[in-house]
Each structure stands twice: as C-alpha cells, then as structure tokens.
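Q: Hi! Could you walk me through this one?

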Amino acid sequence: MRALFKYPDSLVRISSPFCPGCGHGIIHRLVAQAIDDLKIREKTVGVVGVGCSSQSWNLFNFDFLAVPHGRPGAAATGVKRSLPDHLVFTYQGDGDAYAIGIAELMHAAIRGENFTVIVVNNTMFAMTGGQMAPTTLAGQVTSTSPSGRDPRATGTPVHFPELIANIPGVAYSARVAVDSVPNIRKAGQAIAKAFRKQNDKAGFSLVEVLAPCPTGLNLKPAEAMAWVAEHLEAEFPLGEFADR
Amino acid sequence: MNKVMIDRELCKGCGLCVRVCPKGLLAFAAGFNSKGYQPAQCTDEAQCIGCTMCAQTCPDVAIEIYVEGG
Amino acid sequence: MAFEGFMKGNEAAAEAAVRAGCRCYFFYPLTPQSEIGEYLVTRMPEVGGVVLQAESEVAAINMVFGAAATGKRTMTSSSGCGISLMSEGLSYIAAAEVPVVIVDVMRGGPGLGSLLPTQADYYQVVKGGGHGGYRMPVFGSADVQELADNVFEAFDVAEKYRTPVAVLIDPITGQMMEAVEFPAPVPPKAPPAWALTGCAGRKKNVIRTGYGPNLPPHTEALYQKYGRMKDELQRWEEHETADADIILVGFGIVGRILKTVTAEARARGLKVGLIRPITMWPFPERGFAAASGKDVDFLTVEMNDGQMYEDVIVAVGDRRKVHFLRSYGALVPKTDEILAKIEELAGRKRS
C-alpha cells in the first residue's frame with residue numbers, strides 16, 4: 001500500500017486536547033509535515049508560550065520549551081543563538097504574540113533573529129474563555145467586549161505581518177488561513193518556505209495563520225470555518241508581505 | 001482502490017471532513033467513541049478518488065488515505 | 001592559566017563567569033551593574049560565547065531561559081527594578097529546574113530609588129521575588145575576591161542542583177577595584193541529558209512548568225530538593241564567637257565592616273564576636289546553634305530596615321535576644337555607630 005496521506009512523524013499519535021474543529025490541529029499537522037519534509041525533526045526545538053497553543057509540546061515529536069506568556073520571542077532568541085544550526089520556531093496564539101509578547105517579537109524581527117514564528121490568529125484569548133485580543137474585529141462580541149469591540153476605546157485589529165514587513169531583518173512575513181483546503185495547502189507551503197529561509201540563514205520569518213475557534217465563537221466547526229472565510233479574511237488579507 | 005482509514009478514537013466528530021468531501025462519501029457513524037464523540041466514517045470507499053481533502057482538513061489527523069497495490 | 005589583577009567588582013564577576021565556562025550572557029543596561037555587560041560584549045566573543053543586549057530585563061531573563069535550556073552555562077545580571085522584571089522568569093526557571101546564574105548588584109529603592117548603597121533587596125532575592133514559593137541559593141559576597149569566587153562556584157551549584165543561583169552584592173563592591181585572583185579557566189562541558197539539543201538518538205526532551213491537576217508531585221520534588229540544599233549549602237564565616245556575649249551579624253559589605261568593629265570592640269574589652277552569613281539562602285542556621293542556650297545577644301546590622309534580621313530571629317529562636325541596627329539614610333554604617341550600639345547593649349546586659 002502506498003500512502004497518499006499519512007500521520008506525520010513529527011507529531012505524536014495521541015488524541016489532541018484541542019476542541020473539535022479547532023484550527024490548531026490543522027496547523028500542527030502543517031508544521032509537522034514541513035519538518036518531516038525537511039528531514040530535520042531531530043534537530044528541531046520548538047518554543048511555546050501560554051494559551052491553547054501551550055499544549056503543543058505534548059503533540060509535537062521533538063524537543064520543546066514552554067516559557068512564560070508572551071516570551072517565546074525572547075526565549076527562541078536564546079535557543080537559536082545557542083544552537084544556530086538547529087531549526088527553531090515559536091508557536092503562539094494571537095494573544096501571546098500580539099498582546100503581551102509583541103515587544104519580544106518586534107525586537108526579534110528588528111534584530112533579524114534567524115528563527116520562525118508561527119502565530120495562530122483566532123481573534124481572541126481562547127484558553128482563558130474567549131476574551132478580547134489585539135486582533136478582535138471591530139464590533140466582535142467577546143467576554144471582555146460584550147457590546148462588541150469599540151475601536152475608539154480599544155483600538156483597531158493589529159496587522160502584525162504587515163507591520164514588520166519593512167524591517168530589513170525580516171526575511172519572510174506572510175498571512176495564510178486554514179478555512180478551506182486550498183488555503184490549507186497554501187498555509188503549508190508558507191510554513192515550509194519560512195523554515196527553508198531559516199535554514200538558508202536569511203533572517204526572521206513569521207507566518208500568521210487565520211484559524212477558527214468554534215468554542216470561542218460559539219459556532220459549530222463548519223460554521224466557524226465559514227466565519228473565518230467571510231469575516232477574518234475581509235479584515236486580514238492573505239499574502240506575503242515580505243520576502244527577502 | 002483507495003483505502004480511507006479513519007481513527008475512531010482520534011476523531012472528534014467535528015464534521016469538517018463530511019463538509020469537504022467532493023463526492024459526499026463521509027458521514028457520521030452510528031455510536032460514539034470512548035470520549036463521547038460521534039466519529040466520521042467513509043460510506044463508500046470504492047468511490048473515493050484519493051483527493052485527500054478530508055485528511056487535509058481534519059484537525060485531529062484522524063484520516064489516512066492509502067492506495068492499494070501502489 | 002590562573003590570573004591575578006586589580007579589577008572592578010563588576011568586571012571581576014564577569015571574568016569569573018567566563019572562567020567557569022559560562023558561554024551565554026543576556027542583559028539590559030542598569031546602573032550599577034552595566035559594566036558586566038560592557039565587559040562581556042568584548043570578552044564573550046573571545047571564547048566563542050553568545051552575548052546579547054536585550055530590549056528589556058523581561059526579554060533578557062527569557063533569553064537566559066532559552067539558552068540555559070539548551071544546556072549551556074548561562075548568566076544574567078541586574079539590579080533592583082530589573083530583578084523585579086526578571087522575577088517571573090526566575091520563577092519559571094526554578095520550576096523548570098534549569099541551571100542559571102544571576103548577579104544582583106543592589107541599588108537604592110523602592111521605585112527608581114537611587115544609586116546610593118543599600119541592602120534593600122534581601123527579601124526580593126532571598127525570599128523569592130517571583131511567584132509560587134520557589135527557593136534559590138543566594139551568595140552574599142563581601143569583597144571583590146569573594147564575588148569572583150562566588151560567581152565561579154555558582155555555576156557548579158546551579159548545575160548540581162538544577163536551580164537558578166543568585167550572587168547578591170551592594171553597589172560599592174560592584175564598583176570598587178580590588179586585587180583579585182582567578183583560577184585557570186574551566187572548559188564548557190557537554191550538555192546534560194535533560195537539555196534541549198535536538199532529539200537525535202533519544203526521546204524528545206520537554207522543559208515545561210505547567211502541570212494542571214498533576215502539580216503536587218512536582219512541587220513535592222522541588223521541596224525535597226530545597227530540603228537537600230538547606231542541608232548541604234549553608235555557609236558562614238565566624239570570628240571570636242566562642243566566648244562572645246554579643247554576636248554581630250551582617251552580610252556582604254556590612255559583614256566586612258563588622259570584622260573591623262569586632263576587633264575594635266575586643267580592643268575595648270568587650271566580648272564581641274561575628275557571624276557573617278555567606279549564603280543568604282539557605283540561611284546558615286547551623287552557625288547559630290553553638291550560641292543557643294547561652295546568654296548571648298545578637299546585633300544584626302543591615303543597610304535596610306531589617307530584612308535578614310527576621311532570619312536571624314528564626315535562627316536564634318528568641319526574638320528578645322536579637323537586636324537590629326540600621327544605618328540611617330541608606331548610607332553605609334559607620335563603626336562608631338555600631339560600637340555605640342554595642343556599648344548600649346552591653347550596658348543593658350550588665351544591669
């Protein structure tokens with residue numbers, strides 16, 4: 001029998017703790033697949049902060065470091081500078097990356113740190129019950145924006161891949177989505193491209209992935225996917241913003 | 001002939017595969033797995049064209065697709 | 001080869017680290033310890049090490065966490081307000097059981113405070129400024145040579161017990177120049193088995209600190225370790241305690257001053273002795289055991305409002321026998337002040 005699609009080596013074959021229909025599961029597979037294709041699993045170190053993402057250390061089948069909320073940008077700097085020939089990446093939610101962790105990511109980009117940042121953008125702090133996050137849409141109801149986010153009071157959604165695109169140290173900055181199979185394939189390609197650029201020592205790479213949180217959105221999985229396709233893609237354009 | 005292998009225990013019954021199969025071959029199985037989810041199943045393996053869209057969208061990587069005699 | 005010279009405390013600490021095999025240092029400038037970073041930006045590359053000025057102390061301590069997790073000897077340094085920012089990181093590092101050395105050159109506080117010499121951060125460093133009830137060994141160096149020795153040894157202690165280790169000094173010791181000797185450099189060792197080096201030939205290593213409902217076995221293991229460290233790491237220096245009526249207690253530069261005071265007091269016919277804790281944690285309670293049961297009074301002298309004082313009370317076991325003198329205005333205590341207090345105590349004892 002020839003496999004057309006099989007479970008990647010870089011994932012442990014266990015039931016994930018993610019909710020049914022969660023975007024994390026798809027993105028974990030894409031990251032694992034990219035690592036398998038590069039044949040670099042045994043020279044990979046992942047770094048995770050806090051959120052639903054912080055469960056990734058259990059699912060990925062390689063060395064992992066779990067650090068405080070928002071700090072993967074700094075911790076990965078320490079890891080990569082100590083192990084410059086290893087593949088090092090962070091795996092963060094939009095809250096971890098763009099709220100508490102934005103300074104660390106900004107400075108890693110400014111320094112051109114040669115690691116990859118994967119940000120899963122589901123527009124909320126999902127793990128803690130669905131609070132408003134920097135990427136929450138204007139008018140979006142969350143547990144801390146019960147009347148819908150008011151941009152006059154709390155700002156507009158953060159477009160981080162675009163924000164860092166002009167920094168010379170940024171080799172690759174892109175946004176993708178997992179809301180359809182064609183988009184899933186492109187997301188996998190972007191992640192693989194980011195890892196290849198790291199191997200080429202090109203500089204800092206970041207891939208933001210628009211993802212559904214069915215539980216936080218209070219939608220069924222298929223509806224949550226449709227919501228991402230309709231509402232998130234309208235706010236956050238897909239594409240490559242830097243490719244050096 | 002393609003083999004569609006859905007791991008009943010990994011599946012969380014999210015239904016994304018059911019929605020995405022271009023031949024409409026996937027449906028929820030009868031009964032529940034040990035976690036209480038109603039897993040998906042392939043209702044007619046012979047019709048499977050091996051597009052792997054179900055496997056690609058599955059958040060639990062519960063689906064593997066093989067070609068026999070490959 | 002071994003080296004001797006005349007060096008500023010901060011620079012001696014930096015050189016000691018390199019000689020101990022430290023190869024990763026991340027920092028943020030903050031007076032009065034910036035010289036450590038300024039020294040290492042040149043020195044670290046000479047030995048093929050990693051040195052990076054971070055964008056904040058928050059980032060620095062997490063860079064330290066990352067590098068130390070790969071099994072390299074890693075250090076940072078800071079002062080009061082910077083240690084506050086590093087506290088979350090230290091809690092994680094302690095929970096993750098990753099060896100790290102941190103040098104704290106104190107300054108005046110709270111708040112922005114000042115650059116005046118104080119010992120105001122005893123609580124913060126010794127009691128664990130971060131959350132969750134971790135402990136870490138703390139050395140309190142009294143002069144530049146001891147600072148170099150403590151930093152050199154701290155890496156071995158950190159590795160042996162898989163713990164962060166702090167070396168705590170006042171700003172005078174960090175800034176002044178004294179003669180100092182260093183041993184021959186120790187080459188860096190191979191990463192230990194738990195380190196993140198890539199999972200070739202083994203199962204994956206995970207370094208994490210969140211255990212959900214499974215927390216108790218992990219805190220229990222930490223507490224057992226703290227018990228072992230309490231048993232094995234207590235260190236102090238004592239002078240003329242055998243027949244003393246009054247025993248002075250001070251750490252760091254105050255301990256150094258108290259040696260002079262002890263000699264002066266003895267010259268005046270007063271039976272005075274000295275216990276100078278060298279480890280702030282574990283506090284050297286064993287050093288106080290010999291005096292228990294005797295009619296000995298203890299005078300703690302600190303450049304703060306009484307922080308180590310409370311540990312002395314616990315060690316002695318009777319707060320009526322423990323007295324405290326602080327230097328007013330956050331300045332270095334003068335021998336006259338201390339002798340006056342000793343005379344007063346001695347007078348009260350006689351009557």
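A: Happy to. One term to start with: a residue is buried if 20 or more other C-beta atoms lie within 10 Å of its own, exposed if 12 or fewer, and partly exposed in between, with C-beta atoms placed from the backbone. Helices (H or I, at least four residues) and strands (E, at least two) are DSSP runs, numbered from the N terminus.

Q: And where do the coordinates and numbering come from?
A: This is a predicted model, where local features need pLDDT of at least 70, side-chain atom pairs count only at pLDDT 80 or more, and totals for chains, interfaces and linings use all residues. Residues are numbered from 1 along each chain as its sequence is written, while chains are lettered from A and ligands numbered from 1 in the order in which they are written.

Q: Good. Is strand 14 of chain C enclosed or open?
A: Largely enclosed by the rest of the structure, because six of the six residues of this strand (residues 297–302) are buried.

Q: Which residues point which way from strand 14 of chain C?
A: C:Asp297, C:Leu299 and C:Val301 point one way, and C:Phe298, C:Thr300 and C:Glu302 point the other way; all are buried. In a regular strand the side chains alternate between the two faces of the sheet.

Q: What does strand 14 of chain C pair with?
A: Pairing here means that DSSP finds at least two bridges between two strands. Strand 11 (residues 246–249) of chain C pairs with strand 14 of chain C in the parallel sense over four bridges, and C:Ile247 has C:Phe298 as its bridge partner. Strand 15 (residues 322–326) of chain C also runs parallel to strand 14 of chain C, with five bridges, and there C:Phe298 stands opposite C:Val322.

Q: Zooming out, how many helices and strands does chain C have?
A: Eleven helices and 15 strands. Its C-alpha trace spans about 75 × 50 × 40 Å along the principal axes, and buried residues make up 53% of the 351 residues.

Q: What about its radius of gyration?
A: Chain C has 21 Å, which agrees with a compact globule of 351 residues, since that would have a radius of gyration near 20 Å. The radius is taken over C-alpha atoms, and the globule rule is 2.2 Å times the number of residues to the power 0.38.

Q: On to the interfaces. How many residues do chains C and A put into their contact?
A: 31 from chain C and 29 from chain A, where two residues are in contact if their C-beta atoms, placed from the backbone, lie within 7 Å. On the chain C side, helix 3 of chain C gives the largest share, eight residues.

Q: Which strands pair across the chain A and chain C contact?
A: Strand 3 (residues 63–66) of chain A and strand 9 of chain C run parallel, joined by two bridges. A:Phe64 has C:Val206 as its bridge partner.

Q: And how many residues are in the contact of chains A and B?
A: 23 from chain A and 26 from chain B. On the chain A side, strand 1 of chain A gives the largest share, four residues.

Q: Is the pairing of strand 1 of chain A with strand 4 of chain B parallel or antiparallel?
A: Antiparallel, over three bridges, with strand 4 of chain B covering residues 63–67. A:Phe5 stands opposite B:Ile65 there.
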